[in-house]
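Please look over the sequence and the structure shown here before reading on, and keep both at hand while the text moves from the whole chain to a single place on its surface.

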Amino acid sequence: MPHSLRNTVLLVLAGILLSGCSTPFTTLEETAADVHVRMDSGFNADKCIWLGEVTGTEGHWYSYLFFNNDAMVQGSLNDIKNRAKKLGANTVYMIAPQDFTTSFTVVGNAYKCG
């Protein structure tokens, strides 16, 4: 195989591999699609049942170079929704996002509301 053709094939393969990393590793489970994430000060939990704290994270020290910021944020939101749904929650009130160099983590309280 000529040198330039081999380089072109390698470049195309690398592009295909990296394009898959623009989506989050953590996918949203179907059952968690109805979980709402709230970050606004207007959220009132008076008529909700607190079910516990939940965290969501995306990215690792060995994979963060292949994810863009949007994918890491979306993956962490998918993760927190999945974890909240496992507790029986339908709402997560976000406490604080943590943006690290190698990952993105969100922390919140899971509630069962109305």
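This is a predicted model: local features need pLDDT of at least 70, side-chain atom pairs count only at pLDDT 80 or more; totals for chains, interfaces and linings use all residues.

The mean pLDDT of the protein is 80, with 67% of the residues reaching 70 or more. Among the elements, the lowest mean pLDDT, 56, belongs to helix H1, which covers residues 3-19, whereas the highest, 94, belongs to strand S2.

Two helices and four strands are found in the protein, and read from the N terminus they follow the order α-β-β-α-β-β. Of the contacts with a separation of 6 or more, 73% are accounted for by residues 24 or more positions apart.

Turning to burial and surface, the protein has 114 residues, 32% of which are buried. Its accessible surface comes to about 7500 Å², and carbon and sulfur atoms contribute 60% of that area.

One part of this surface can be described by residue, namely a nonpolar patch of about 250 Å² that is made by Ile49, Leu51 and Leu87. Leu51 lies in strand S2, which spans residues 48-58, and S2 is the element with the highest mean pLDDT in the protein. Leu51 counts as partly exposed because its relative accessibility is 30%, a value between the limits of 20% for buried and 50% for exposed.

Terms used. Residues are numbered from 1 along each chain as its sequence is written. Side-chain values use heavy atoms; hydrogens and water are left out. Patches are made of residues with over 30% relative accessible area and no salt bridge: like charges are joined within 9 Å, nonpolar side chains (Val, Leu, Ile, Met, Phe, Trp, Tyr) within 5 Å. Accessible areas come from the Shrake-Rupley method with a 1.4 Å probe; for residues, only the protein chains shown count as cover. A salt bridge is a side-chain nitrogen of Lys or Arg within 4 Å of a carboxyl oxygen of Asp or Glu. Buried means under 20% relative accessible area, exposed over 50%, partly exposed in between (1.4 Å probe, protein chains only). pLDDT is the predictor's confidence in each residue, from 0 to 100. Contact means heavy atoms within 4.5 Å.
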